[in-house]
Every structure is written in structure tokens, then in C-alpha cells.
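Here is a friendly briefing to read alongside the model. Please keep the sequence and the 3D view open as you go.

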Amino acid sequence: METTAFQKIYTKITQITKATCSLKATGIGYEEIATVNGRLAQVVKIQGDDVTLQIFSGTEGIPTNAEVIFMGKAPSLKVGEELAGRFFNAYGYPIDGGPAVEGKEVEIGGPSVNPVRRKQPSDIIPTGIAGIDLNNTLVTGQKIPFFADPDQPFNQVMAEVALRAKADKIILGGMGLSNDDYLFFKNVFDNAGALDRIISFINTTEDPPVERLLVPDMALTTAEYFAHEKNEKVLVLLTDMTLYADALSIVSNRMDQIPSKDSMPGSLYSDLAKIYEKAVQFPEGGSITIIAVTTLSGGDITHAIPDNTGYITEGQLFLRRDTDIGKVIIDPFRSLSRLKQLVIGKQTREDHPQVMNAAIRIFADAANAKTKLENGFDLNDYDERTLKFAKGYSNDLLAIDVNVDIDAMLDTGWRLFGENFEKAELGIKDELVKKYWPKK
Amino acid sequence: MATKGKVVGIIANLVIVEADGPVSQNEICFIKMPGVDLMAEVIKIIGKKAYTQVFESTRGLKVGTDAEFMSHMLEVTLGPGILSRNYDGLQNDLDKMKGVFLKRGDYTAPLNDDAEWEFTQIAKVGDKVEAGSWLGEVLEGWMPHKIMVPFKFEGNFTVKSIVANGTYKTKDVVAVVTDESGKDHEVTMMQKWPVKVPIKAYNNKPRPFKIMETGVRTMDTLNPLAEGGTGFIPGPFGAGKTVLQHAVSQQAEADMIIVTACGERANEVVEIFTEFPELVDPRTGRKLMERTTIICNTSNMPVAAREASVYTGMTIAEYYRAMGLKVLLLADSTSRWAQALREMSNRMEELPGPDAFPMDLPAIISNFYARAGFVYLNQMKADGKEAESGSITFLGTVSPAGGNLKEPVTESTKKAARCFYALNQDRADSKRYPAIDPIDSYSKYLEYPEIQEYLKKTIAEDWVSNVTLVKDYLLKGKEASEQINILGDDGVPIDYHLKYWKAEVIDFVFLQQDAFDDIDKSTSLERQKFMLAQVLAVYNTDFKFDSFEEVNPYFKSIINTFKQMNYSEYESEKFNGYLKEIETKINERKAV
Ligand SMILES: Nc1ncnc2c1ncn2[C@@H]1O[C@H](COP(=O)(O)OP(=O)(O)O)[C@@H](O)[C@H]1O
Ligand SMILES: [Mg+2]
């Protein structure tokens, strides 16, 4: 970053911790950025003339006489059409060898949309994956994460969903992304001929972890530009938000804040909400949809990160390996799309809500039957049928390799009902049963 | 002279101001950034240093910035024009704000000074009045909105003059009252009140003695909420807290609903903005928005204003209660307010209590819940014999970390609220909505003799005993199911299967309710009474089965027909047809 003549240079650091340094300075604005021997830093605390800076790449090797230059502004990004097709690091500097982007400079992490200026989301995003479209239908303007153990193919599913979503722009925010995964995304988008619609802000495992904290704001500021000013449908992919939260805890820990549950800062909810709530449907047609990844540890969703996430997002897609069919499925119990009721049965076929619920109820019965079996009991006839149903349901609908349209998913549902049950066992409205029950 | 000060420290939204004069706890101050004033509240004072929580982002704020103390606490503005409005947590009118994005320091007036109201006298010259006495009324939409002696007026007054019936603006003087020392005070249609201080302008607060109908069967029948009562809904994410509160907000039998969206999703408020102006209140035929006010501080709005939002909601509720109205206040989620307190407490480096929440959290929560209640006002009815009455019923949600109910917010709320609607993850997973656990949940009001009397009188003599029976049956069903799971289907007598399936009938037909079905979503008390009788009739039938294998399909088919009934208009031809079908099915299996 270049310095200009009037900028005052400080060279007397009074205190250095693992993540921060402090110095005496005046006229400094809160959240202002600075460089400390060239490393980007941000003001996190001012007391009198004591200013504390958080250095994103860490304080290793910072001397007490480091050169500190204040920039007089909050972190910002230059936005414009030229962003399309480009790859940047967490600071918004190009990493693809291309030139710096010229455009309007905007502060990242800007204000929220006035709730009365939002439109209720109502456009369905079909993905072809029945575990999503049938049970957890997505809508533009929604925010939803995948909950998955680290060994699950969440980035693959996410890339697939992104390409099928027919978005005008796809913005990838990579946090602690392995280099291989980064190249994977690049390849998939390239092969699909979609690179010119993609904008990426990438922090890889090789970069300092605290730098990740800038990635979501960079990605979402870009998204706001295209969605609000250009009325485009923007899809933002954030992976992996667990690593983002880990970076938050590193910072708060180094600043000696009192941790709350699971060593996370007490402000975790607000910190995550500020990101996810950027998802929005504007009345003019532009929208920001956020699909994120929250990796779990051993499937534990009560950990503070997935827990706070679930309280903020509009549902979650829970990936799980179903050993009965040997495939990864979208678990219908723990998954949820809170916006599905805005579209199912309205933009999709009238039987959608009831077919969805009936199938999940039977799947729950099947789970009970399985427990019974494991406890060494005989199964009754109904139990047997639920197990048969569950297998078909898992394989033909829940598995992530399914790719059909929603009517076909519903027809498959009815076929499985018809193969295994009597009409009266379903609790579905008579009118619908009459209309859709498969003819023998 | 107003106290002034200068900013000396900034840690996120905690800003320390050195004051040049007296400052009081909870006083409002404005921090004068170039071009924008940021509103803040004093939350701690040490020597000359006032610790303030700023209700906005402090980005760019510098040490040395001027501040001005306002010598009043956080206040709301009360007067006609609150109804149907969309406010933020500090009572700024969101619709009046320009632009798509919220701008910090954009404070908009809660009322319209230019609005004209048709004033009708209630009090006469010479009447003895006190704070909260009704001087006149204006029509706010359909609602007779009382113009009262301001709550801040202490002591007794005499009406000296009152304007003639006619059209007046919000700030016009409509009456002059004289205090005991002979001093005159002007009264307009507008007054202010500090949100953290309860409005006590009423005569007495009896125990609640009526129930508040919500249309949700598992609430009204099994664990009713009392009018003027309190309840809370704890549950893990996705268990159905918000859907349940929205259902209650649409169907509850109240004059006015105040929905406080506290630190939750913006889209959930947008749903209300979008749907309430269209949805019709079946009781009055008016649009739902005509009885609703929304206070909204969503999770991405400034954290400090989250706490303010619940108090703003409560104070507005108290204002309307003083007009003799039945107010229902909803807050989703009170945990977010507690978390906001925690964030500040941590920033101030206070000694933390459990889970890093402030030590006084239980006291804060119980003081808040204590502001609800049914009250007899000082205002007498026109006949001069009976007192007018009003009520605030409060229903909050709690979002326990990790879904674990043994956490400070849930535990503190449990001590304060009288109804407990525990949402159960397993029920939600298997789509048994609403996921209120019928066994763990309770309503203390069911034990109140006043409420029992009321239920006996208004519903049926044996109502309370039937409800107790239903709860027993559900418990027995659960026990039977556990036994079956331990011993196996054929390891238990058929009777266990019957107990289990009869309880399932109660669950599927009565407890479960589809919030998204036009008919099923709301059930009148009359229909609840009818349906309860039907499921109890099934329960009390002696069935004959030769093997346990026959039990499951039989009850599945009974449940299926009952469900069709739930989806049909009450007492319609279809409804009665299904009823007949059930009778036939019962007779087929009856033991003789
Ligand atoms: N009574 C109900 N009927 C049908 N679906 C429901 C019901 N309650 C909840 N749901 C489903 O569960 C989802 C989550 O409910 P919500 O109230 O938003 O949960 P919470 O507020 O507890 O996180 C809803 O989007 C809806 O799909
Ligand atoms: Mg909710």
C-alpha cells in the first residue's frame, strides 16, 4: 500500500501480544486500518492515546520500532464489473496475476438493509438434488449452511448446487481452504465455462488464519454491489465457516476476553449474524443467497459454532453417510429449509408438502424399527415395510447423486408409498391420495 | 446546563466518556461525530468516567469527540399512531427512513405530529383525575385510543378545561389539569416514558383468572396461557419457536398484538410485514396488521438496541393496557437480549456468572416478566361502580445453547414465567408439530382455582379433570412404548400396544397441528372441546384384538380419518362424514 505525504508515521510500539500491538497515537478512528511494517492491521481498542491494533497476519517478528502508518479509513474494496472472473486474497489483492481492479471504493462490513425495504424471498432454486428440492427447498435470498464432517464431500455438493442455481454471479469466499480444494473449485467452474461469472476471495491453509476474518465481508460487499446496484442474482459460497469462527476465537483469546461456551467469544452469535443476514431479496429483483459450510466434529451439532449458526441461518443441510446404501445422503431429520413453505405446494405441485412429510415420518418409523432390530427384537409387518421403504427412499431420493426435477421426485415418493403401504397408513389428505396414488 | 463530555475510550460499542458534570445511571447521551449523532446509554459510572453502550456502529469514532448528556433515560413516545407501525428497537419508524440500507444516526419520529385525530371527551371539567385517567379518546384505526393524564404526573389533579369534541393534532393541548398546589399542567395527546421503569398507573393486579385463547390445541387445552399471564417457549433451533409464536400472533384472542423481533432473522419479520396486511382476523374481519405493532431489532441490527427492543415493546404494551385493552406481547428471542447483556458485561470486564452471563441475569428477567399481568385500572366504568381492566399477556421464546435446558437463560426464565412450552427435538425431527413436549410442559394456571372455575364455567364441568386424564394417558402411552422397546412387540401383553396406540391417537389428532394448513392452523375452543371428546371416546373404548399385529394398522387408519377431519371445515358435510366413518370403525372392533 502506498503512503501519502500527510500520513504520520509512528515508530514506537509500547506493547506486543500474539495478535495485537499497541502504541501512543492521536486522531485515530475506531476500526481504522493501518500497516505495521507493511502488514495490514485494524484498530480494535482505543483508550486515551493508547491505540491497540490487531495485525491480521500475526505479530511474529514485529519489532518495537516497527513503522506504523494509519490509513484513515476502515477496510475497503474497490467494486465494479471488472471483479467478475477474478481471484483475490483476503485483503482483496489479486492473486491471479491480473491487474488491480479500478472502481468505486466501498467500506466492507457496511450497514444492514432496513427490514422494511426487503422483499419476502419467493423464487425457488431447483438443484436436482431431491434431499434439497423435495425436503429442504432453497429459495433466493436464503442463507443456509451444509453441516458436515470434514471427510464429507461438501465442497463437491456445493459446487454442483452453485452451477445448477442459475445465478448471475457466484462469489466464493474460501477460508482455510486447502490448496487442492481451491484448485478443485477453479477446475469445476472452468470446465462448466462459468469462470467469468465467478469472483473468489481465497484464504488458504497456507495463509495466516486471522486474515480469514476479512473474507466474508469482502465476498458480501462484492455481492451487495452486484445484487443492489446491478439487480443481479448473486450466490455466495462460504467455506468453511467453522475455520472462520476458530479465527474469531484465536483473536478474542489473544485479547484476553472471557470465553463463553466451547472457548468461543460471547459475541459469536452477533458476529455470525452480521455475515449471514447479508442474504437478502431486494424488491428490484437482485438477491444475495448464501450457501455456507460449517464442518462438525464427530457430527456434534451442539457445539457452539454449528449451534449459533443454526440459530441464525434459514435451515441447514446435514450430510451423512447412509451405511445401508453406501452413499452420502442429505439427512431428512436434521436438515431443514425454513423458507421452503414459501414455495412448496405453491410454485411446486400441490402434493409436495404432504408427500414430503409423510415420507419423513415413515423414515422416522424405519429408524425406530432399526433400533428394535439392533436390540434383538422381531420386527412386525409394518416395521419390515418401513425398512423397505427407507432403503428405496434413501437411494432414490436422499442420495446426493440424484438429479431429477421436482415432479419426478414426487412421483418417486408416491411409487415408494404404493409399493409398501396402504393408503390409510399415510395420513395424507384424501383428495391428494385419490389424484396421485400410483395405478397398479 | 446540560452535562457535556468527551470520548476517552472505545472498545467496540462500549464508549467511555469523561463528563464535566453530573451524570445518572441509564441516562441517554449523544456522541457527536462529524455529521452524525450516535445515541448511547450510560451503563456504569466510575468517577468522571461514564461507560456508555452505543446503539450504533462506532466505526471511525475518535477519542476527543464531544458528547452531550440528555438528562433523561431511554424513553418511548406514547400517543395515537403507534398501532400498525413498524419500529426498530429504539422506536424509530422504519418506514420513514430513507434508502435501502440503515444509516447510523438516522432517528425518525415514532408519531406523526401532523396527524389529525377525532377527539371525543370522556372526562368533564371538575373531574378528579390522576396519572392514567382517561380524559378523552380518539379513533386509532378502529381502536378507541384513550388520551390519558400522563403517567409522569404524580398526585391528584382536577380537570380545569378540556377541548370540545373535534379534530386535533398529536401535540395540541387537549386538556389542562390543576394539581393540589393549584398549579396548572397542559396535556397533549403525546407523552414520554422511560422504558426500563414499569408503568404503575393502575389500582391492583389480581391473579389471572381467564384463559387467553390461541387456537393452538396443545396450548389451549393441555396447558393454557392465562390472560395477563406469562409463558415461554424454549427449544433448540428449528424446533418451531417462531412458527408457534407467529401462529399465536395470528390467532390469539387479543385486542392488540405487539411482536418484538429481538435479535432474530430479518426475513421472519418480513414475513409479518408481507402477510399481516393481507391476513384477516376471523374474529373481527379486520386485517391482522390493524391490531399489530412490530418492534424489530434483527440480529444484524445494533446489539445494544436489542435489549432496548424488549423494553420498548413492554412499555408500549403497558400504555395500551392502561386504555383497558387486552394486549399480547411476544418476544422472539429473549436469549438474544440476554446475550446482548453478556457482550456488554464482558466488554466492561465484569465478574461473569454462569456461562459468562452477568450475575444479575435472573433478576433482570424476573423483573421484566413481572411487568405483565391483568390489572384493574383506577379508571371507573361509565356506571361508576366497577373499575375498567386491561391486561398484558407475555409469551417469550428462549434459545438455549446446544438445546440444553440447563443453561442460565432457560433456568432464570423458568423461575419467572408460569407456562413452560418445551419444544422437543425428537418431535420436531419426526415432524410432530408443534413440537411442544406434552409431558414436560406445564401451565401453572391450570392449578389456579380461579382458572379451574373459569374453565368449568365456560367450557364444561368435567373439562379440567378430562385434561388431567389426557395427560395421564399420554404418560401411560410413553411408558408403554418404553416397555415395548425393552421387551419387544410380543414380549408385552396386547394391552400395552393399545395404551401406546391410543396415546398416539391423542398425539396425532389433537396435539399435532399443521401451522400451514388453512383450516388446521387454528382451532376454536368449541372445536377443541368436540375433538377432545372424540379422542377420549376412542381411548375409553374397549377394543378386541387377537394379536398385536392387528393393532398398528387399525389405529393408523383411525388416525388417518381423524386427520381428514382436522383438514375439514368444522361441522361441514365432509367433517361429519369422517366422523361417521370413525364411528363405524370403532364399532367394528368394539369388544362386546
Ligand atoms: N406447527 C408447524 N407446522 C409445520 N411445520 C412447522 C411447524 N413448526 C415448525 N415447523 C417447521 O420447522 C421450521 C422451523 O421452525 P421455527 O419456528 O423457525 O424454528 P425455531 O424458531 O425454533 O428455530 C419451520 O420453518 C417449519 O418448516
Ligand atoms: Mg426462531
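How much area do chain A and chain B bury between them, and what share of it is on carbon and sulfur atoms? They bury about 6,600 Å², with 52% of it on carbon and sulfur atoms; buried area here is the accessible area (1.4 Å probe) that two parts lose on being put together, summed over both. This is a predicted model, in which local features need pLDDT of at least 70 and side-chain atom pairs count only at pLDDT 80 or more, while totals for chains, interfaces and linings use all residues. Residues are numbered from 1 along each chain as its sequence is written, chains are lettered from A and ligands numbered from 1 in the order in which they are written, and side-chain values use heavy atoms, with hydrogens and water left out.

**The interface of chain A and chain B**

- The contact (heavy atoms within 4.5 Å) draws 84 residues from chain A and 81 residues from chain B.
- Six salt bridges cross the interface, where a salt bridge is a side-chain nitrogen of Lys or Arg within 4 Å of a carboxyl oxygen of Asp or Glu.
- A:E107 and B:R59 form a salt bridge through their side chains, at 3.0 Å from N to O.
- By class, the side of chain A that touches chain B has 33 nonpolar, 25 polar and 26 charged residues. Ala, Val, Leu, Ile, Met, Phe, Trp, Tyr, Cys and Pro count as nonpolar, Asp, Glu, Lys and Arg as charged, and the others, Gly among them, as polar.
- Strand β5(A) pairs with β1 (residues 4-11) of chain B, antiparallel and over two bridges; two strands pair if DSSP finds at least two bridges between them.
- The bridge partner of A:Q47 in β1(B) is B:G9.

**Sheets in chain B**

- One open sheet has four strands in the order β12-β11-β9-β14, paired antiparallel. Its edge strands, β12 (143-148) and β14 (166-169), each pair on one side only.
- From one strand to the next, the twist averages 40 degrees.
- Strand β11 (residues 134-140) is joined to β12(B) by six bridges, and B:L139 stands opposite B:P144.
- Helix α4 (residues 304-321) of chain B lies across β11 and β12, running at about 95 degrees to β12(B). Axes are lines fitted to C-alpha atoms, for helices over the stretch in contact, and angles run from 0 to 180 degrees between N-to-C directions.
- Another open sheet of four strands is ordered β10-β13-β15-β16, again with antiparallel pairing.

**Within-chain details**

- B:D66 and B:K6 meet in a salt bridge at 2.6 Å, N to O. This pair links β6 (residues 66-73) to β1 of chain B, 60 residues apart.
- In chain A, β19 (residues 315-322) and β20 (residues 327-330) pair antiparallel over four bridges.
- Their hairpin has four residues between the strands, and A:G326 takes a positive phi near 65 degrees.
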